[in-house]
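Here are my notes for a colleague who has not seen this structure before. Please keep the view open while reading.

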Amino acid sequence: MLSGIQPTAGSFHLGNYLGAVRQWVALQESHDAYYMVVDLHAITVPQDPAELRANSRVAAAQLLAAGLDPERCTLFLQSHVPEHTQLSWVVECLTGFGEAARMTQFKDKSAKQGTDHTTVGLFTYPALMVADILIYRAHQVPVGEDQRQHLELTRTIAERFNSRFSHTFPVPDAYILKETAKIYDLQDPEVKMSKSASTPKGIIDLLDEPKTTAKKIKSAVTDTDTVIRFDRDKKPGISNLLTIHSTLTGTTVEELEERYAGKGYGALKTDLAEIVTDWVTPFRQRTQEFLDDPATLDTLLARGAEKARAVAAETLADVYEKVGFLPAK
Ligand code: AQP
């Protein structure tokens with residue numbers, strides 16, 4: 001099991017948590033799990049070095065606060081394991097130009113940035129992601145729906161490598177929970193909640209002040225109807241709020257529809273604001289506690305990297321031998 005999260009923007013948002021991190025926490029109990037802060041992926045767009053350093057710690061602290069336990073999983077920073085980039089070069093040499101150019105995230109982000117500001121790194125980023133997964137010979141990758149296409153590329157490259165050089169990699173599956181695969185923007189419930197959203201009002205940042213969180217939920221865009229019913233096409237805003245409520249409380253959507261029958265949207269929003277703030281308040285506190293002790297945090301990450309490197313180095317040696325590199329004496 002392998003997954004990663006970017007340290008950009010400091011705070012994770014509720015989409016990151018419900019779509020990915022929540023599953024990571026559950027899966028560490030049953031799987032040999034590798035989770036990382038993908039700081040290498042964070043420099044495909046211009047970054048401030050001091051901010052990146054700070055945000056990498058903030059990201060690791062949030063993962064611990066969310067419930068990752070370094071005794072149950074391997075938690076590390078991607079840049080601490082150089083084998084990722086070494087394998088990535090091999091992956092790049094097995095990936096067609098057209099295959100990389102078809103990646104939706106590349107197309108969207110490069111269209112926004114324009115050719116002059118789009119880096120080669122943004123183009124080859126999926127190859128690094130393939131390497132991130134294959135280096136641990138992962139079988140499953142818990143992610144949100146937006147990552148499905150990168151997973152498809154990973155499967156293609158794993159099969160290609162296996163058939164060209166002999167069986168080396170399992171062909172990994174995306175582990176995507178249908179209900180939370182895509183959490184939507186509160187202001188524009190047709191698009192996914194995203195760090196690069198047009199307005200911060202649409203994103204629930206986990207490190208926001210609880211008051212801000214409550215305000216954002218109460219001003220979420222809904223519809224002109226009054227019935228609280230799950231209908232993704234006709235009622236995207238209400239459906240999104242029901243999904244968040246249901247996931248955080250463990251109540252089914254059907255039960256919620258019954259509970260709110262005859263009540264207005266205000267009742268649902270008020271309750272949800274309380275549920276989310278009750279969740280984020282201790283989360284923020286735990287994150288801060290980890291950040292208050294950076295030495296311990298750094299030691300934890302160093303230990304994680306050491307464990308990860310032991311596995312990654314073995315895979316890389318196998319791959320180098322299979323592609324025909326002469327071993328260094
Ligand atoms: N809205 C979402 N719903 C469900 N899952 C989501 N993920 C992201 N947004 C949602 C999942 O979170 C994990 C970590 O994602 P990432 O570090 O790659 O973050 P991201 O995709 O860069 O997040 P953003 O906010 O969408 O950033 P931009 O705007 O830069 O693209 C992944 O498993 C992802 O699927």
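**Notes on the model**

1. Helix α7 is followed by serine 166, and the phi of this serine is positive, near 100 degrees. The model is a predicted one. Find serine 166 in the loop that runs between α7 and β5 (173-175).

2. Now step back into α7 itself. The helix covers residues 148-165, 18 residues in total. From first C-alpha to last, α7 reaches 26 Å. That is close to the 26 Å expected at 1.5 Å a residue.

3. Which residues of α7 are buried? They are His150, Leu151, Leu153, Thr154, Ile157, Ala158, Phe161 and Asn162. Look down the axis of α7: these buried residues fall within an arc of 165 degrees, so they line one face of the helix. Ser163 and Arg164, on the other side of α7, are exposed.

4. Arginine 137 is not a glycine, but its phi is positive, about 50 degrees. Its place is the loop between α6 (120-134) and β4 (140-142). The relative accessibility of arginine 137 is 26%, so this residue counts as partly exposed.

5. Turn to the ligand. How many residues surround it? The count is 21, and the closest are Asp146, Lys192, Ser194, Lys195 and Ser196. By type, the shell around the ligand divides into 6 nonpolar, 10 polar and 5 charged residues. Helix α1 (residues 14-27) gives the largest share of that shell, 4 residues.

6. Several backbone atoms come up to the ligand. For glutamine 6, a backbone N or O atom lies 2.7 Å from an oxygen atom of the ligand. For lysine 195, a backbone N or O atom lies 2.5 Å from a ligand oxygen atom. Isoleucine 183 has a polar backbone atom 2.8 Å from a nitrogen atom of the ligand. How much of the ligand does the protein bury? Taken alone, the ligand exposes 640 Å², and the protein buries 94% of that.

7. Which distance separates the C-alpha atoms of lysine 269 and serine 219? They are separated by 8.5 Å, while the two residues are 50 residues apart along the chain.

8. Finish with alanine 295, in helix α12, residues 294-323. Alanine 295 has 52% relative accessibility, so it counts as exposed. Compare its position with that of glycine 264. Alanine 295 and glycine 264 are 31 residues apart in sequence. In space, C-alpha to C-alpha, they are 49 Å apart.

Note on methods. Residues are numbered from 1 along each chain as its sequence is written. This is a predicted model: local features need pLDDT of at least 70, side-chain atom pairs count only at pLDDT 80 or more; totals for chains, interfaces and linings use all residues. Side-chain values use heavy atoms; hydrogens and water are left out. A residue is near a molecule or strand if one of its heavy atoms lies within 4 Å of it. A polar contact is a pair of N or O atoms within 3.5 Å; within protein, one must be able to donate a hydrogen and the other to accept it, and residues adjacent in sequence count only if both atoms are side-chain atoms. Accessible areas come from the Shrake-Rupley method with a 1.4 Å probe; for residues, only the protein chains shown count as cover. Helices (H or I, at least four residues) and strands (E, at least two) are DSSP runs, numbered from the N terminus. Ala, Val, Leu, Ile, Met, Phe, Trp, Tyr, Cys and Pro count as nonpolar, Asp, Glu, Lys and Arg as charged, and the others, Gly among them, as polar. The expected span of a helix is 1.5 Å times one less than its number of residues. Buried means under 20% relative accessible area, exposed over 50%, partly exposed in between (1.4 Å probe, protein chains only). The arc is that of the directions from the helix axis to the C-beta atoms.
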